[in-house]
Amino acid sequence: MEGTIFSLIPAILMLVLVLVTRKVILSLGIGIIVGAFMLTQMDIGSGIGLIWSIFASIFVSDGTLNMGSIYLLAFLFLLGIMTAFMTASGGSLAFGKWAVERIRTRRGAQLVPSLLGIVIFIDDYFNALAVGQVARPVTDRYKVSRAKLAYYIDSTSAPITVISPISSWGAYIIGTIGSILAANEITNYQAFEAFVLMIPANLYVFAALLLVFMTIYFRLDIGPMKTHEKRALATGELNDPEKGDVPGDLNDEFKEHENGKITHLIWPIVSLIVGTVATMVITGIRNSEGTADILSIFANTNVNISLFTGGLIAVFLALVLYIGQPQPKSNVIRVLAEGLKAMLPAIYILIFAWMIGDIISQLQTGEYLAQQFSQADINIAYLPFIIFLLSGFMALSTGTSWGTFGIMLPIAGEIAAVTDPTLILPALSAVLAGSVFGDHCSPISDTTILSSTGAGANHIDHVLTQLPYAVICAVAASVGYIILGLSGQVWIPLMITLVIVAVVALIIHKINPATTSTSK
């Protein structure tokens, strides 16, 4: 069944179950079981063995510890502990009071995560989790639902990172582009120049960023987002109370210290940022093998160990600040336990997402889709549009932008080089744009999981509430890519894409009144 149409079954089944049951662990689990049995020809014993081996490979691979995944999981626990200590010390409460005095509108509160999402462009994981920690005290004060906060985080983290050359994504993409240009003997430009020229052709990214700010300004609560915003404003419930625990949420009995200061929140976050970025630079230099320019540093950096190191430093500082707080205060062990427990939902979802991703990879789902595309007889003018849609569906099914990059960038580059070399950069841009779109829609995407974790939102609520916004941007980008392929222009399709988003947003604003609030 590998590499055939049947390889789509686990991914489609899992997506349907998520939408129908709204239970992500159950849906992922069924997808894992079905996929494992397909790989073992329905042999129960072998299927169970395969599931166990896939789970074990998250932690141990080829007889050695899989430190990449271990560091990331450990970082999530550290993030939960850091948040717990910042909350227990009263830092979040103090920052919220400070922000309320200076950020006087609900609209201003929503600008905080959106602008931070653009400013923190080093890495999407770091962006999603760091922005959530800073923004939550502010958005919570103004009763912004956690689903909307997750949308702001997710729709700025990956989009800004994928067009930034000085980022983990940008470095990876530039390296991949270099090999594609060399393989197809394209000498018109170097890899970095090609990346920069591709930026305006990444239509979905700019559409997503524009819609974020139009959503803030016009209070566009589309589809299920309106339900979450109405409940948040009316009752103060930032998550659906019937959904149970969500990533990052602390126990209701966990009280904040009344004498907390802003420094109890700011210094741990600053140490997290400085520690993470410094370790990224250090590991990048060590792994660059003598070429320590900024691109090679970010291309060779170890993001996961950097996050872990930054998290460790931040937890230590948060602990020291908390110990210095006067009594009465919660027991340190209890704070530690609450922080660990708060991250368990995110850990469960991420592990299951990694497992279904491994199953889908072994079934060669991505390779099957790519093969069908490469064999199709299509008008070359529609190449960017077709690549955008296929990359979106592949990222949606597999839950990985980088995996889609790895499969689709060489294919798109080769097809364009053979048929019309002038379309090679638009085709590569369409891969990047489609991958981010599919990532935004996929419940098994790690960046989507971490965005809901950073926001403290129910994961499926985040996926379902973000979906209408992502689809609007994808439709606008699709029109843009058709025009790009037919005209050979880049800036005109970009302008048309943005105009479509703006017009749709204004129409929605007219026919779908914003959720009312006492403060704009």
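Modeller: Happy to! Helices H20 and H21 run roughly antiparallel to each other, a label for angles over 145 degrees, with under 35 being roughly parallel, 65 to 115 roughly perpendicular and the rest oblique. This is a predicted model, where local features need pLDDT of at least 70 and side-chain atom pairs count only at pLDDT 80 or more, while totals for chains, interfaces and linings use all residues. Residues are numbered from 1 along each chain as its sequence is written, and side-chain values use heavy atoms, leaving out hydrogens and water.

Helix H20 covers residues 401-419, and its axis lies 9 Å from that of H21 at an angle of about 155 degrees. (Axes are lines fitted to C-alpha atoms, for helices over the stretch in contact, and angles run from 0 to 180 degrees between N-to-C directions; helices are DSSP runs of H or I with at least four residues, numbered from the N terminus.) H20 passes H21 in a right-handed crossing, meaning that the near helix is turned clockwise from the far one by less than a right angle. The contact (heavy atoms within 4.5 Å) involves residues including Phe 405, Met 408 and Leu 409 of H20, and Leu 428, Val 431 and Leu 432 of H21.

H21, residues 424-441, also packs with H10, residues 191-198, at about 70 degrees and with the axes 9 Å apart. At that angle H10 is roughly perpendicular to H21. This crossing is right-handed too. Ala 194, Leu 197 and Met 198 of H10 meet Leu 425, Leu 428, Ser 429 and Leu 432 of H21.

Now for the aromatic rings. Tyr 204, Phe 388, Phe 437 and Tyr 481 form one aromatic cluster. Rings of Phe, Tyr and Trp (its six-membered ring) pair if their centres lie within 6.5 Å, with planes under 30 degrees apart called stacked, over 60 edge-to-face and the rest tilted. The count is 11 aromatic pairs. Phe 55 and Phe 59 make an edge-to-face pair, 5.4 Å between centres and 65 degrees between planes. Tyr 151 and Tyr 152 are tilted because their planes are at 45 degrees, with centres 5.5 Å apart. Tyr 151 is buried at 2% relative accessible area, and Tyr 152 is buried at 0%; buried means under 20%, exposed over 50% and partly exposed in between (1.4 Å probe, protein chains only).

Technical notes
Helix = DSSP H or I, 4+ residues; strand = E, 2+ residues; numbered from the N terminus.
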